[in-house]
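Here is a short briefing to read alongside the structure.

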Amino acid sequence: EIVQLSIRQQNVVVSCGTLSYCARLTDGIYPAVERLVELPRTQDMSLSLYDIKEAMKRMSVTVGASGLVVMDIKPESLMLTGGDIMLQKNCKEELMCQSSKEECIGTNTSFLEKAINCVKTASLVVRYESADKVISVESADSPYPLVIIAPMKIAQPAAEQPSDEASEANQ
C-alpha cells in the first residue's frame with residue numbers, strides 16, 4: 001500500500017488506506033529535559049571517550065553489569081573503582097580528566113557504560129552538582145544532555161564495635 005506523508009505548518013499527517021495519524025510539530029528540543037529534571041550545571045568533568053570506554057570494558061569483566069562503579073573525581077584525575085554491590089571484588093582504573101570540583105559519586109556499572117556509549121565525539125562531559133543529585137553525560141560539543149544518571153549513595157562501612165568481653169576486660 002502507498003503511505004502518504006503530509007507536512008503542514010503545525011502538524012504532520014501520515015495516511016495509509018483508510019487509516020490516518022496526525023501529530024503536532026514542536027519547536028526546539030523535545031522533551032524539554034530541563035523542565036522535567038533539574039539538571040546539574042555547577043560542576044563538570046571532561047575526559048577522553050576512548051579512555052573511559054576502555055576502562056569500563058576492563059571493569060565489566062571483573063564486576064559484571066550489576067556492579068557498582070565509584071567515580072572519585074579530582075581536579076586532574078578520575079579514579080574509577082568498580083566492584084560488586086558490597087565492593088568485595090574490585091578493580092581500579094585511573095584516568096586523566098579536567099574537573100572543577102572534587103567529588104565521590106557512585107552508580108551502577110551498566111548505567112555508566114550505556115551512558116558513555118551514547119557519546120559520539122572524542123571527549124565527553126559529565127556534569128554534576130553533588131553526589132546525591134543527578135549526573136548528566138553529554139558530548140563535549142553539545143550543551144544538551146544525552147543521558148541522565150541517578151547516583152547511588154555509597155554506604156561507608158560502620159566502625160567495628162568492641163565485643164562485650166573486650167569491654168569488660170578493659171574495666
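pLDDT is the predictor's confidence in each residue, from 0 to 100. This is a predicted model, in which local features need pLDDT of at least 70, side-chain atom pairs count only at pLDDT 80 or more, and totals for chains, interfaces and linings use all residues. Residues are numbered from 1 along each chain as its sequence is written, and side-chain values use heavy atoms, with hydrogens and water left out.

**Confidence and overall figures**

- The average pLDDT of the chain is 76, and 73% of the residues score at least 70.
- Over residues 157–162 the pLDDT stays under 50, and the model has 1 contact beyond four places in sequence for this stretch; contact means heavy atoms within 4.5 Å.
- Where pLDDT is low, the predicted coordinates should not be read in detail.
- Of the 171 residues in the chain, 35% are buried, where buried means under 20% relative accessible area, exposed means over 50%, and partly exposed lies in between (1.4 Å probe, protein chains only).
- The accessible surface of the chain comes to about 11300 Å², with 52% of it belonging to carbon and sulfur atoms; the areas come from the Shrake-Rupley method with a 1.4 Å probe, and for residues only the protein chains shown count as cover.
- Among contacts between residues at least 6 apart in sequence, 54% join residues at least 24 apart.

**The 8-stranded sheet**

- An open sheet of 8 strands runs in the order β8-β5-β6-β7-β4-β9-β10-β11, with antiparallel pairing; two strands pair if DSSP finds at least two bridges between them.
- β8 and β11 stand at the edges with a single partner strand each, so one side of each is left without a neighbour in the sheet.
- Neighbouring strands here are turned by 30 degrees against each other on average, direction ignored; axes are lines fitted to C-alpha atoms, for helices over the stretch in contact, and angles run from 0 to 180 degrees between N-to-C directions.
- Helix α2 packs on this sheet, touching β4, β5, β6 (77–83), β7 and β9, and its direction makes about 165 degrees with that of β7.
- β5 and β6 form a hairpin with 3 residues between them, pairing in the antiparallel sense over 6 bridges, with M71 opposite L80 in β6.
- β6 also pairs with β7 in the antiparallel sense, over 7 bridges, and G82 stands opposite C91 in β7.
- β4 (residues 43–48) and β7 (residues 90–99) pair in the antiparallel sense over 3 bridges, and S46 stands opposite Q98 in β7.

**What is enclosed**

- Which residues touch the most other members of the largest nonpolar core? Of its 28 residues, they are M45, L47, I52, M71, L78, L80 and L124.
- Helix α2 (residues 49–63) gives the most to this core, with 6 residues.
- A nonpolar core is a set of buried Ala, Val, Leu, Ile, Met, Phe, Trp, Tyr and Cys residues joined through side-chain atoms within 4.5 Å.
- Strand β6 is largely enclosed by the rest of the structure, because 6 of its 7 residues are buried.
- Leaving out residues up to four places away in sequence, L80 touches residues including I52, A55, M56, M59, V69, V70 and M71.
- T81, in strand β6, is buried with a relative accessible area of 13%; the residues it touches beyond four places in sequence are M59, L68, V69, V70, N90, C91 and K92.

**Helix α3**

- Helix α3 (residues 109–117) has T109, S110, L112, A115 and I116 as its buried residues.
- Their cover includes α2, β5 (68–73), β8 (103–108), β9 (123–128), β10 (135–139) and β11 (147–149).
- α3 lies across β5, β8, β9, β10 and β11, and runs at about 95 degrees to β8.

**The 3-stranded sheet**

- An open sheet of 3 strands has the order β1-β2-β3, with antiparallel pairing.
- β1 (3–7) and β3 are its edge strands, each with a single partner, so one side of each is left without a neighbour in the sheet.
- Its neighbouring strands are turned by 15 degrees against each other on average, direction ignored.
- β2 (residues 11–16) and β3 pair in the antiparallel sense over 6 bridges, with C16 opposite L19 in β3.
- L25 is found in the loop between β3 (19–24) and α1 (33–36), and is partly exposed with a relative accessible area of 37%.
- L25 and V12 are 13 residues apart in sequence and 6.8 Å apart in space, C-alpha to C-alpha.

Terms used. Helix = DSSP H or I, 4+ residues; strand = E, 2+ residues; numbered from the N terminus.
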